[in-house]
Amino acid sequence: MIICANKMEYPLRSQGQRVQKQVMVNTEKERASLLFMQALISRGSVDAVSHHMASHPQYLESFLRSQHYILHMDGPLPLPCRHYIAIMAAARHHCSYLVSLHSAHFLRVGGDPVWLQGLEAAPPQLRLLDHINKVLAHQPWLVACSHIQTLLKTGEQCWSLAELVQAVVLLAHCHSLCSFVFGSGTDGVCDLSPLPKSPNGTPPASCPCDVANGNANVPDVTQRRALDSSCEMLFLKERIQKSQEEREKREERLLHAQTIQQTELEEEEEVAVYLAEPSRFISDPDFCYQEFTRRDEDHFQVFRVQDYSWEDHGFSLVNRLYSDIGHLLDDRFRSVAALPSSHSPDLKRAIWNHIHCVLGIRYDDYDYGEVNQLLESDMQLYIKAVACFPDDTKDPVCPLPWAPLKPSERIHVNLLIMEARLQAELLYALRAITQYMIA
């Protein structure tokens, strides 16, 4: 009897596992559907980055929530300044997609079109960020306490500590997002569909992440039930296309009813966005990534996580100086680590630690021989390129061997690269701020 019971246990457990897996798949599809539907309601379109990340909706929620908080929610920096800082960050990697996107948002929240003429047209306080922007983007190990001190003690144009922390988080977020944009092939996509004009510089009423927070006007129960597990991406695309066509018809009718003054204003904004060439927003274009070395004569030492880590130091500092952002960022790091994958946890850790290694960060308790064992040389080359000089990946010099990988796995690799780079930049910047505070 015991033997018979054991034999029956396996098929029953397998059936339960299949049911559980099916429920999980259905839940993931419904979550992605709701996120996309909310994007249609709030913005009238679904951006290319969200399209790519939708294969991992549990991570997409976390990403959208943190991005919305950084760009639109409570914080010391005015909304136009936030988008301008995002433009500066994206310009370091010549990311036309993000530069154009944030240029459009900059104008929608009341930004001065003159600023889009280039970095020299921006206020002096924003121009002061140029140096730390380029260092964080290309050689983050160069960030020092002196850089923080310069920004916080520059007379009338000085930054407050709270403003600087928000700016640093925004720079690191956009630098790492550039890696995802180029790694996923998004840079060539145009995303400048009409956005709602924000009165008095206020953000749109809701964002896709509000679905997770329960704050948005999401479709009623009947509509949500219609988006069941059988609702595939093709159906969503048809809904998106239909919504866009209806919106375009409404816009045509509104356009005829607009005054000449309003028409001229829109044309002025379109020209301003068109002129938002990335090279306008950077100085010292020759400053780029260089190999981090550990030779005895080098001034820069290896960043050891045992001495300063995100969990023990960075999280508490950034959360204290920029309320709640630490929790949102930590949720992103945990979400990407917990994504279901056919790869072993050891492989995901090898990717993460390899990125930190090429950026000068080392873990004393990790055997780096595993990187060579688990990652082929061309995979290592791809990871390093996307993490350190993503704009160079526009040329097929280091293609990732995609053949054995599913599309969702390709996105998973690029998400790991993005989040590992984000944490690396934050560690360098927050360590420098910590050194300034205790000096």
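Here is the one I have in mind: what relative accessibility does F389 have, and how does F389 count on that basis?

Author: Happy to! F389 has a relative accessibility of 27%, so it counts as partly exposed; the term covers everything between buried (under 20% relative accessible area) and exposed (over 50%), with a 1.4 Å probe and protein chains only. Before going further, please keep in mind that this is a predicted model, in which local features need a pLDDT of at least 70 and side-chain atom pairs count only at 80 or more, while totals for chains, interfaces and linings use all residues. Residues are numbered from 1 along each chain as its sequence is written, and side-chain values use heavy atoms, with hydrogens and water left out.

Rings of Phe, Tyr and Trp (for Trp, the six-membered ring) pair if their centres lie within 6.5 Å; planes under 30 degrees apart are called stacked, over 60 edge-to-face, and the rest tilted. That rule gives 14 aromatic pairs. One of them joins F106 to W115, a tilted pair with 5.6 Å from centre to centre and 35° between the planes. F106 is buried, at a relative accessible area of 0%, and W115 is buried too, at 16%. The pair with your residue is Y289 and F389: the ring centres are 5.9 Å apart and the planes meet at 45°, so this pair is tilted. Y289 sits in the loop between α13 (260-274) and β1 (303-304), and F389 in the loop between α18 (377-388) and α19 (407-438), which makes this a link between distant parts of the chain, 100 residues apart. Here helices (H or I, at least four residues) and strands (E, at least two) are DSSP runs, numbered from the N terminus.

Y84, F106, W115 and F281 are linked into a cluster by ring pairs. Two rings have a charge over the face, which requires NZ of Lys or CZ of Arg within 6 Å of the ring centre and within 35 degrees of the ring normal. K134 lies over F287, 5.1 Å from the ring centre, and R362 over Y368, at 4.0 Å.

Now to the charged pairs. A salt bridge is a side-chain nitrogen of Lys or Arg within 4 Å of a carboxyl oxygen of Asp or Glu, and eight are counted by this rule. R332 is in helix α15 (residues 325-338) and E419 in helix α19, 87 residues apart, and both residues are buried. R332 also touches S66, which has L328 as another contact once residues up to four places away in sequence are left out; contact means heavy atoms within 4.5 Å. S66 lies in helix α3 (residues 57-72) and is buried at 0% relative accessibility.

Another salt bridge joins D364 and R304, at 2.7 Å from N to O. D364 is in the loop between β2 (361-362) and α17 (369-374) and R304 in strand β1, so the bridge ties together parts 60 residues apart in sequence. Both ends are partly exposed, D364 at 46% and R304 at 34%.

Stepping back, the protein chain has 19 helices and two strands, and 51% of its 439 residues are buried. Among contacts between residues at least 6 apart in sequence, 78% join residues at least 24 apart.

A last word on confidence: pLDDT is the predictor's confidence in each residue, from 0 to 100. Its mean over the protein chain is 78, with 65% of residues reaching 70 or more. Helix α4 (residues 79-91) has the highest confidence, at 97, and helix α11 (residues 221-226) the lowest, at a mean of 42. Residues 1-25 stay under 50, and the model gives them zero contacts beyond four places in sequence. Residues 199-214 are also below 50, but this stretch has 34 contacts beyond near neighbours in sequence.
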